[in-house]
Amino acid sequence: EKLTSNPLMGILVGTLITTAVQSSSATTVMVVGFVNAGMMSLNQAVWIIMGANVGKTTTGLLIALDVGALAPVVAFIGVALMVFVKKPKLQHIGQLLAGLGILFIGMDMMSASMEPLRDVPAFVQMMATLSNPILGITFGALFTALIQSSAASIGILQTLAATGAVEFSASVYILFGQNIGTCITAVLAALGTSRNAKRATCIHLLFNIIGTVVFTIAVMLFPIIP
């Protein structure tokens with residue numbers, strides 16, 4: 001209650017939790033559960049949901065900064081803490097570091113394995129059609145809804161863009177769609193819950209849809225992307 005007493009604190013809490021667990025879906029589902037149980041008001045939930053949408057960008061930022069070279073070191077430190085340290089707190093930190101390290105090692109492997117796709121005509125042709133805003137947003141939303149992880153789908157998109165398999169102009173619209181697709185987990189979690197819990201999910205969905213509409217219009221009207 002103290003942590004979500006004002007909007008800025010709520011956004012900060014949502015951002016930090018999502019950064020720690022690397023999943024906005026997990027944060028949003030927890031919030032929907034808290035609202036459903038009466039442990040959190042709808043007003044408090046709104047700010048945490050907004051913070052969760054900020055926090056989920058950290059995975060993409062880390063991938064973009066190319067921290068893959070440090071990934072084995074981070075994973076090793078994490079495993080060492082898990083195996084050799086007896087304090088539960090440090091073991092949890094070790095699990096977090098090991099998970100992050102393995103995630104970025106996987107992204108590097110994925111990048112190497114996807115590089116040949118840019119030479120496959122059928123794949124290149126399919127990706128070219130996604131420069132159309134509606135097709136790109138729809139594809140991004142459906143793909144993310146299917147795997148139920150915006151962090152994973154954005155990581156895959158960044159990998160494809162880095163290898164040149166996807167044009168930047170197409171990747172922008174796919175990215176917008178991914179932000180809508182990630183809401184599917186919260187929508188499923190809200191089934192059979194209270195009215196306020198459903199409202200929290202609707203706010204999460206509307207936040208991402210409105211953001212997508214605004215930025216799509218901005219990209220189409222202004223020379224933001226080359």
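Helices (H or I, at least four residues) and strands (E, at least two) are DSSP runs, numbered from the N terminus. The exercises below concern a predicted model, in which local features need pLDDT of at least 70, side-chain atom pairs count only at pLDDT 80 or more, and totals for chains, interfaces and linings use all residues. Residues are numbered from 1 along each chain as its sequence is written, and side-chain values use heavy atoms, with hydrogens and water left out.

**Exercise 1.** Find how many disulfides the structure holds, then examine C183 and C202.

Solution. Step one: a disulfide is a pair of cysteine sulfur atoms within 2.5 Å. Step two: the structure holds 0 disulfides. C183 is in none, and its nearest cysteine sulfur, that of C202, is 10 Å away. Step three: seen from C202, the closest cysteine sulfur is that of C183, and 10 Å is too far for a bond. Step four: C183 counts as buried because its relative accessibility is 1%, whereas C202, at 44%, counts as partly exposed.

**Exercise 2.** Describe the largest pocket by its volume and its lining.

Solution. Step one: on a 1 Å grid over the protein atoms alone, a pocket is an open set of points with protein on both sides within 12 Å along at least five of seven lines, and lining residues have an atom within 4 Å of a point. Step two: the largest pocket holds about 720 Å³ of space. Step three: 27 residues line the largest pocket, and T57, I154, L175, F176 and N179 lie nearest its centre. Step four: two or more lining residues come from each of α3 (42-55), α4 (57-64), α9 (150-162), α10 (168-181) and α12. Step five: T57 is located in helix α4 and, at 42% relative accessibility, counts as partly exposed.

**Exercise 3.** Which residues form a nonpolar patch on the surface, and what is their accessible area together?

Solution. Step one: patches are made of residues with over 30% relative accessible area and no salt bridge, with like charges joined within 9 Å and nonpolar side chains (Val, Leu, Ile, Met, Phe, Trp, Tyr) within 5 Å. A salt bridge is a side-chain nitrogen of Lys or Arg within 4 Å of a carboxyl oxygen of Asp or Glu. Step two: the patch consists of I209, V213, I217, L221, F222 and I224, with about 570 Å² of accessible area together.

Key: Accessible areas come from the Shrake-Rupley method with a 1.4 Å probe; for residues, only the protein chains shown count as cover. Buried means under 20% relative accessible area, exposed over 50%, partly exposed in between (1.4 Å probe, protein chains only). On a 1 Å grid over the protein atoms alone, a cavity is a set of points where a 1.4 Å probe fits but cannot get out, and a pocket is an open set with protein on both sides within 12 Å along at least five of seven lines; lining residues have an atom within 4 Å of a point. Grid points are joined across faces, edges and corners, and a volume is the space filled by probe spheres set on the points.
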